[in-house]
Each structure stands twice: as structure tokens, then as C-alpha cells.
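I opened the notebook to record what I looked up, step by step.

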Amino acid sequence: ARSLDKLYNFADCSGLHLIFALNALRRNPNNSWNSSSALSLLKYSASKKYNISWELGNEPNNYRTMHGRAVNGSQLGKDYIQLKSLLQPIRIYSRASLYGPNIGRPRKNVIALLDGFMKVAGSTVDAVTWQHCYIDGRVVKVMDFLKTRLLETLSDQIRKIQKVVNTYTPGKKIWLEGVVTTSAGGTNNLSDSYAAGFLWLNTLGMLANQGIDVVIRHSFFDHGYNHLVDQNFNPLPDYWLSLLYKRLIGPKVLAVHVAGLQRKPRPGRVIRDKLRIYAHCTNHHNHNYVRGSITLFIINLHRSRKKIKLAGTLRDKLVHQYLLQPYGQEGLKSKSVQLNGQPLVMVDDGTLPELKPRPLRAGRTLVIPPVTMGFYVVKNVNALACRYR
């Protein structure tokens with residue numbers, strides 16, 4: 001109970017909503033879920049009037065390997081129906097959100113598990129969840145983070161999940177509930193470095209492009225090396241990246257056409273693009289920009305700088321640049337970043353620094369330094385798609 005109190009109070013005072021995953025590994029002799037301890041927890045949290053959403057288990061495809069007891073998709077579906085029936089008589093949780101099944105990488109056996117789950121319990125969950133891991137944590141090196149082949153693995157997974165979900169519950173929300181750059185808790189001095197940001201930012205752009213509007217990050221603090229703040233609560237590079245993304249990027253995705261990049265691949269050779277450009281309406285909660293502004297975010301994995309000229313209605317608009325680069329001697333392995341040349345550090349324990357843009361005059365070519373990422377707000381475009389929610 002004390003652990004739940006601490007966790008809930010942290011989420012509550014941070015303005016976050018808590019999703020609690022109940023233990024699915026307590027099993028009856030017939031392999032059905034033993035819900036007795038979960039019921040005690042539900043009753044306790046209801047007595048405290050805690051506003052919580054629920055889940056059951058984590059990566060059910062690994063249960064046999066980790067605990068010697070496999071659970072198939074249809075049994076997992078029955079377990080979720082059982083959880084739903086536990087929630088309904090509890091007044092505060094009768095309409096609580098339920099998420100799952102939080103499967104791992106969608107290989108053949110995992111897709112079969114998801115298929116069985118969706119057939120039995122697809123309608124009971126508010127969003128279908130899965131986890132994605134980019135690299136095996138035991139063999140990672142800094143150059144792995146720059147491979148475009150790696151960046152593309154997520155896109156293939158999204159399509160596989162969408163195919164199963166849309167077979168049973170067309171239009172059901174899909175969430176990427178856990179994303180880590182490297183497995184086994186990440187790799188020290190890499191998963192928490194500037195280099196890991198390329199995968200993180202590309203993940204955010206790719207998911208939004210394919211209609212997935214929620215991604216949950218592993219993890220905020222302490223566990224492994226994929227976290228957002230260090231042991232002294234100082235923000236790591238992915239924290240600053242996430243903060244800029246939240247401040248500048250709105251939920252509406254825009255199509256991008258880049259002239260000069262669309263080349264015809266030669267037979268047997270795939271051209272994988274090292275310059276990635278995503279566009280959204282600027283976040284309408286950001287009062288520095290009027291509605292109708294557009295934010296581009298750009299990843300340059302080339303070893304050379306790239307120049308981008310805005311065309312059409314964007315050509316003569318003022319642009320605010322937020323360029324993130326590593327800070328210090330470690331280069332891509334750095335755990336500190338600079339914004340437009342200024343190191344980003346907390347002012348004090350409770351105060352973030354001002355995230356100051358660099359204004360670029362209207363019509364100026366955007367120069368993207370080698371192996372960097374940045375955000376570019378095109379001001380006062382008055383884009384029709386961005387004027388209204």
C-alpha cells in the first residue's frame with residue numbers, strides 16, 4: 001500500500017495519469033488468472049479514491065521463458081474479461097480505462113498470441129499496446145544508432161500490429177507502450193547519450209505519421225540506462241528532446257514533399273534516406289506562436305551538412321531554429337546537449353532554463369549540421385490545416 005501511495009502521489013503532483021499493470025503471473029492450477037491479490041489492491045486504491053487506469057501483465061509472450069508457464073492469446077483474453085468484471089462493481093473503476101496486452105516484438109508467435117487475444121477480448125481494451133526494442137543491448141556501439149535500416153524496423157512492426165487489430169476491432173487505438181533503444185535495460189554511456197536521440201525522435205515522427213498518437217517511454221528514472229534523468233535528477237539528452245517536442249509539436253501531422261530526395265533506386269539496391277523531415281502543426285498551447293504556424297523536425301544522419309530551402313508559401317516566412325547538438329568532448333556519446341550553441345542545464349532544482357530559439361531571416365536556407373537534429377518553427381504561415389483544432 002505504501003508503494004502505491006508514493007507512486008500515485010508522484011504521478012498526481014506531476015500532472016500525470018497513472019496506468020498500473022497488475023501481476024498476471026499468479027495462476028490457478030487450470031492456468032486461469034488468480035485475481036485475489038489484485039482485488040485487494042483494487043479495493044485499497046478505491047478506498048483512497050485513486051484515479052487509475054489498469055493493465056494486466058507485461059510481455060506475455062515471454063512468460064514461458066521467464067517463469068516456465070505459457071499463456072496463450074485466448075486465455076489472456078479471458079483474464080482481461082475477468083479483470084473487467086472485477087472493475088465494474090467498484091464505483092470509481094466501473095468506467096476505468098483498460099489497456100493491453102502489452103506484447104513484445106511482433107514475431108510470428110507473438111502475432112498469433114495477439115490474434116487470439118483480440119478474438120476474445122479486443123472489445124474490452126481501450127487501446128491495444130505493444131513494446132518495441134531497437135537493438136540487442138549486448139552488442140551495441142555508437143554507430144548502430146545512425147543506421148537507417150534500424151530506424152525502419154518500427155514501421156514494419158506497426159503494420160503487423162495494425163493488420164491484426166483492424167481484423168477484429170477496426171479503428172481501435174494502438175499505443176506503443178514501451179520503447180527502448182537497447183534491450184536488457186539499455187547500454188551504459190550509449191542509451192542515455194545524444195546518439196540515442198536519433199532513434200527516439202524518429203520514433204515519435206514515424207508513429208505520428210502512421211496514426212499512433214500515444215508512446216510511453218521506458219523509463220523516466222533509475223531502471224537501466226534508457227532513462228530521461230540521471231541519478232541526480234539532471235535531465236539527459238532525450239529529456240531535452242522530449243521537452244522541445246512537447247512544447248513545439250501539435251498532434252496534427254502534415255505531409256512533407258522534399259524535391260531532390262526522391263531518387264529511383266537501382267535494381268537490388270535500396271536507398272535508405274539519412275535526412276528525415278517530419279512536419280506538424282505547431283502546438284496551439286504554445287503562446288509564442290499563433291495558430292497556423294508549422295513546426296518541422298529534421299534528423300540529419302549524414303556526415304556532411306545539408307541545406308534545405310523552404311518553398312511555396314513557406315518561402316518568405318520567419319523561422320525559429322531550435323538546433324540540438326552534443327555538448328562537451330564526448331561527441332555523440334555526450335550526456336549533455338546545447339541548444340543553438342548554449343548548454344542546457346537546470347537553473348535550480350525546480351526551474352528549467354528558457355528554451356530560446358535562434359531567429360532565421362525570411363527566405364534563408366536552413367543549414368543542418370552533420371549528425372544533428374533540430375526543430376524549425378515556420379511562423380505565421382496561416383496554414384489552413386493548423387488554424388483549427
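**Domains.** I worked from a predicted model. I looked up the division of the protein and got domain 1 (1-75 + 85-98) and domain 2 (275-386). I then took their C-alpha centres, which lie 40 Å apart.

**Cores.** I asked which residues have the most contacts inside the largest nonpolar core. They are Trp54, Tyr93, Trp130 and Phe375, in a core of 84 residues. Domain 1 and domain 2 each supply at least three residues to this core. I noted another core lying apart from it, with 21 residues, including Cys281, Leu323, Tyr376 and Ala383.

**Trp54.** I listed the contacts of Trp54, leaving aside neighbours within four places in sequence. Among them are Ile19, Phe20, Leu22, Leu41, Leu42, Leu87 and Tyr93. The list also includes Ser45, Ser97 and Tyr99.

**Disulfide.** I searched the whole structure and found one disulfide. Cys281 and Cys386 form it, with their sulfur atoms 2.1 Å apart. The link is left-handed, at -80 degrees about the S-S bond. Cys281 sits in strand 8 (residues 275-282) and Cys386 in helix 9 (residues 384-387), so the pair ties together parts 105 residues apart in sequence. I checked burial, and both Cys281 and Cys386 are buried.

Is Cys133 buried or exposed? I found a relative accessibility of 15% for Cys133, so this residue counts as buried, the cut-off being under 20%. Cys13 has a relative accessible area of 67% and is therefore exposed, as the cut-off there is over 50%.

Terms used. Residues numbered from 1 in each chain as written. Predicted model: local features only at pLDDT ≥ 70, side-chain atom pairs only at ≥ 80, totals over all residues. Heavy atoms only, no water. Core = buried A, V, L, I, M, F, W, Y, C linked by side-chain atoms within 4.5 Å. Buried < 20%, exposed > 50% of the residue type's maximum accessible area, 1.4 Å probe, protein only. Domains from an automatic or database assignment. Contact = heavy atoms within 4.5 Å. Disulfide = S-S within 2.5 Å. Helix = DSSP H or I, 4+ residues; strand = E, 2+ residues; numbered from the N terminus.
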